[in-house]
Amino acid sequence: YSEVSLASGKQHLVRMSLSTFEARLDPHRFLRVHRSTIINFDFLARAEPAGGGRMLAHLVNNETVSVSRAGAKRLRDFLV
């Protein structure tokens, strides 16, 4: 199962692995930033270093998401 959070604040549980779900998303708008998290760039407010090569992604809905070292590299590559 994967949990999907919508901009409206609603959350849905879908019967699909995160990897399968990721494969169906537009790679120009969505990025897997952690083994358990995919973010939509339309809702990324800012990102900041969190030490040890990790980052914190701040979303427009005031949520903060931890970004792994590998996810931080992908995020930097995507933004540049």
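Before I start: two strands pair if DSSP finds at least two bridges between them. Strands (E, at least two residues) and helices (H or I, at least four) are DSSP runs, numbered from the N terminus.

I'm working with a predicted model, where local features need pLDDT of at least 70, side-chain atom pairs count only at pLDDT 80 or more, and totals for chains, interfaces and linings use all residues. Residues are numbered from 1 along each chain as its sequence is written, and side-chain values use heavy atoms, with hydrogens and water left out.

**Entry: the sheet**

I looked up E6 (residues 54-59) and found that E6 and E7 pair in the antiparallel sense over four bridges. Which residue in E7 is the bridge partner of leucine 56? I found serine 66.

Then I checked the whole sheet: three strands make an open, antiparallel sheet, ordered E5-E6-E7. E5 (44-51) and E7 (64-67) are the edge strands with a single partner strand each, so one side of each has no neighbour in the sheet.

I also looked up helix H2 (residues 69-79), which lies across E5, E6 and E7.

**Entry: the largest pocket**

A pocket here is an open set of points on a 1 Å grid over the protein atoms alone, where a 1.4 Å probe fits, with protein on both sides within 12 Å along at least five of seven lines; lining residues have an atom within 4 Å of a point.

I noted 24 lining residues for the largest pocket, with Val4, Ser5, Leu6, Ile38 and Ile39 nearest its centre. Strand E1 (2-5), helix H1 (18-24) and strand E4 (37-40) each give at least two residues to this lining.

Technical notes:
Contact means heavy atoms within 4.5 Å. Axes are lines fitted to C-alpha atoms, for helices over the stretch in contact, and angles run from 0 to 180 degrees between N-to-C directions.
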